[in-house]
Amino acid sequence: MRSTLLSRIMADETQEAGGIHFPFPFTPYAIQKDFMAALYQVLEAGKIGIFESPTGTGKSLSLICGALSWLRDFEQKKRQEEERLLEAGAPTSSDGLAPALGPPPSCQGSPGTPEATGEPDWITQFVQKKEERDLVDRLKEEQVRRKKREERLQQIRHNAKLRFAAKRMRQEDEETERLLRLSSEMLAAGTEPEQVASGEEELVLAEYESDEEKGVPSGVDVDEDDLDEEHVTKIYYCSRTHSQLAQFVHEVQKSPFGQDTRLVSLGSRQNLCVNGDVRKLGSVQLINDRCVEMQRSKHERKSITEEEEPTRRRRRQEPRATCPFYSHERLQLLRDEVLAGVKDVEQLVALGKEARACPYYGGRFAIPAAQLVVLPYQMLLHAPTRQAAGIRLQGQVVVIDEAHNLIDTITNIHSMEVRGSQLCQAHSQLLQYTERYGKRLKAKNLMYIKQLLYLLEKFVAVLGGNIKQNPNTQTLSQAGTELKTINDFLFQSKIDNINLFKVRRYCEKSKISRKLLGFTERYGAVLVPSMEQPKLSGFQVFLQSLQPGATVAPATPAEAEEDRSPRPASPLMHVEGFLEALTTANQDGRVILSRQGSLSQSSLKFLLLNPAVHFAQVVKECRAVIIAGGTMQPVSDFREQLLAGAGVEAERVVEFSCGHVIPPDHILPLIICSGPSNQMLDFTYQKRGLPQMMDETGRILCNLCNVVPGGVVCFFPSYEYQHQVCAHWEKSGLLARLTIRKRIFQEPKKANRVEQVLLEYSRCIKHCGQARGTETGALLLSVVGGKMSEGINFSDDLGRCVVMVGMPYPNIMSPELQEKMAYLDQMLPRAPSQARPGKALVENLCMKAVNQSIGRAIRHQKDFASIVLLDQRYASPAIQAKLPAWIRDRVEVKATFGPAFAALRKFHREKAGLS
Ligand code: SF4
């Protein structure tokens, strides 16, 4: 059977990739079929795919149906192969799995074959036989487990009574609580208990603590390990924002895979926690710490033996809280309900509240059996977070969507900044912690704490400050930014004699920052000793209480609780992140010393130059990785900076780029090199502020607004330039001329105003469309990389024309960019005819920003828009090559304004009938 199936698939591969059956909710566009077929092949062959599909082309659905079709076939093949092996009683191949089912060659190791080990034949055969038997046993176990799970999920899906088992359990709990309360009230109201006769005591029931109260689940599965199933082959899908992830989950729900896919949505505790007391702590770090602390209390309680318990009880001052939502039995039920039907984060939280079970852990426990895991970038791209969440990438598929900024994202996740105030706070807290507990600490603990104190002191000194003084009032003599290699920084700070790897491991294992956080929370804010405060802080009160004869009571945890939320996370945690960054290889990062006025405002920042080091594990462990986005051009960055740097051979990388779904005549992209008065359009930094340049830009916009109906969105390279131009137009009277045709809106700097501005903008366009007066719509002045250049759709009348004023090159004078350019020039090979890698980086950053902004218009098949690029530099073939294919293929360069205007007028007149 297997060979027939394989040969069919082989035939598909060779004949026509489209031969694979892809369930789809409607007849897919041709480009969607191509996308799915290409995706299937990449997953099957274990490659790394860079997929580009413009927004509005149904990329999410293509990803879902393509990837889940592959998983469907993969699982089917695996089962068939297992059945064959079980029937035969033993495998025929030495690795126990048919080649098609094992990991693809790219992620396989190369263990020596038995023959190659040089053992005698009988040993080799014995070992082989044993392996075969073990494999068959394992397969049998797996089959049983899978069957059980499938039955359980089927029951939940088809049995409404079971579906809400967790809810029922909660209701039972509430009823028990009610009865208990009633009983206690009755006891309290009753008379003195009757004296029992001697020997009768043993007949009286001893005080009863239910398993649940003791933190041990009453079900059969008492150990968390029982929740740790084998991880089936799955797809990890990650995207940038929670709303993008929720949108993706809704697409899965609507797809033909919506009923049967085991999907789990992961998120941070901040998004998923349902314990009100913990949630109100506000910051991610505090929520994480409190939750972990509570789990630890629970496990500690579980591990205390019966004999230990009385002594422990006496010793313990206050019982530590455990989370009532962390009950194994309910978590298991929640896990099953999660797997039984596709849910987004919101639905998961609602279910968790209903069932009184933690959605964060319920989701985590669902990972092993899930087929599709939906999670934010941070959880996948940061190795410690990944491990903490229980994600295992070995042999799995990863899809990274909205990946146009993937390199920046990885860089930002791993670039750490620690401020002078944090260094001082961490030092002060550690010092006071040592004063309080020093005598109880073991020598090794003290040694590492001393090293940490020393490091903090030196970090402050290298910034030019003094750890013993108030960071807010300490003015630094030097101001400015200095950039160092890691080694130079270590030497200059005089900490090159300290083994940072060991210190880092100590911090990780001892959980020192967590303890310090608990310590400061217990006794209120800890301040630098010399800081002058009008009132005594909680910690000072506490210190006073330790003095002989003190009368001031220490702050109680309850009092401390009042001013707790939201409080910034432990400063030592930031320092730990910085220390971890300093263990990066010397050539892959830099340290930026930023000295700004006072010590508290100054900072040390680690800048990651080589994001590939953090992506290497993902591409090495995964079976296949898909990097997808609406505008992935220019892709050379991904290939060179990320994949080649992570050790991926060029042959393993596959590129796929599809056109747009719109007919070719629905888009008019123009590069305009000069304006109506023949002024050459050159928006370089030196020229763009010239009055004639700003006048010419205004004239072009006036002309455009005369012929474009509805909304015109105009992007400027920066807020500053936009304001400069507007102020100039106001003076020259051009703004007044513009308002004859279009009402003018400006992108707000504050994020919370964006929605309101967009609402008014779209209302105005709608109103003008109906009124048909001289005002024909609105003009939105926006900024590249601002709040309107990503994630907002200017479909239909909201964006009939998108204008890009100049080229948004990043600030080439920034030391960070200069360092990155120098790094790339040094590390990447340069072909003789190509630009230096550093220069290419700057161009690519600029064009990525342009592509993002102009991709805001054209959002569906019937949409149409003109795209106008103002700057003669766009005419360069090298720059045009960096435009998305669907624009690049149709773009026209207009040396003068006349023909450009005529083309625009014709385009919009013709299209007017369509809208
Ligand atoms: S176990 Fe869940 S509900 Fe409880 S504190 Fe932790 S995240 Fe919140």
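How many salt bridges does the count come to? I began my notebook with that. The model is predicted, and I kept that in mind throughout. The count comes to 24 salt bridges.

**Entry: single bridges**

I looked up Glu 775 first. Its side chain meets that of Arg 743 in a salt bridge, 3.6 Å from N to O. Where do the two partners lie? Glu 775 sits in the loop between helix 31 (754-771) and strand 15 (777-783), and Arg 743 is in strand 14 (residues 742-746), so the pair ties together parts that are 32 residues apart in sequence. Glu 775 is partly exposed, at 23% relative accessibility. Arg 743 is partly exposed as well, at 40%.

Next I turned to Asp 871. It forms a salt bridge with Arg 873, with N and O 2.8 Å apart. Is Asp 871 buried or exposed? I noted it as buried, because its relative accessibility is 0%.

Then I went to helix 36 (residues 897-912), where I found both Glu 910 and Lys 906. They are 4 residues apart, about one turn of the helix. Their closest N and O atoms are 3.4 Å apart, and the two form a salt bridge. In an α-helix there are 3.6 residues a turn, so residues three or four places apart point the same way. Glu 910 has a relative accessible area of 48% and is partly exposed. Lys 906, with 53%, counts as exposed because the cut-off is over 50%.

I also noted a network. Salt bridges that share partners join Lys 59, Asp 401 and Glu 402 into one.

**Entry: helix 32**

I checked the length of helix 32 (residues 815-827). Its 13 residues should span 18 Å at 1.5 Å a residue. The end C-alpha atoms are 18 Å apart, which agrees.

Which residues of helix 32 are buried? I listed Leu 817, Lys 820, Met 821, Tyr 823 and Leu 824. Seen down the axis of helix 32, the buried residues fall within an arc of 160°, so they line one face of the helix. I followed that face to its neighbours. The buried residues pack against helix 27 (636-644) and helix 33 (837-854).

**Entry: Ile 592**

I picked Ile 592 in strand 8 (residues 589-595). It is buried, with a relative accessible area of 5%. What does Ile 592 touch, leaving out residues up to four places away in sequence? I wrote down Thr 481, Glu 482, Leu 483, Ser 603, Leu 604, Lys 605, Leu 607 and Glu 816. I also took one C-alpha to C-alpha distance. Ile 592 and Lys 484 are 6.4 Å apart in space, yet 108 residues apart in sequence.

**Entry: a surface patch**

I looked for nonpolar surface. Trp 122, Phe 126 and Val 127 make a nonpolar patch of about 360 Å². Val 127 lies in helix 4 (residues 121-158). I noted Val 127 as partly exposed, at 38% relative accessibility.

**Entry: the whole protein**

The protein has 36 helices and 18 strands. Of its 915 residues, 49% count as buried. The accessible surface comes to about 44400 Å². Carbon and sulfur atoms account for 51% of that surface. Last, I looked at contacts between residues at least 6 apart in sequence. Of these, 81% join residues at least 24 apart.

How values were computed. Residues numbered from 1 in each chain as written. Predicted model: local features only at pLDDT ≥ 70, side-chain atom pairs only at ≥ 80, totals over all residues. Heavy atoms only, no water. Patch = residues over 30% accessible without salt bridge, like charges linked within 9 Å, V, L, I, M, F, W, Y side chains within 5 Å. Areas by Shrake-Rupley, 256 points an atom, 1.4 Å probe, with all protein chains shown as cover. Salt bridge = Lys/Arg side-chain N within 4 Å of Asp/Glu carboxyl O. Helix = DSSP H or I, 4+ residues; strand = E, 2+ residues; numbered from the N terminus. Buried < 20%, exposed > 50% of the residue type's maximum accessible area, 1.4 Å probe, protein only. Expected span 1.5 Å × (residues − 1). Arc of directions from axis to C-beta. Contact = heavy atoms within 4.5 Å.
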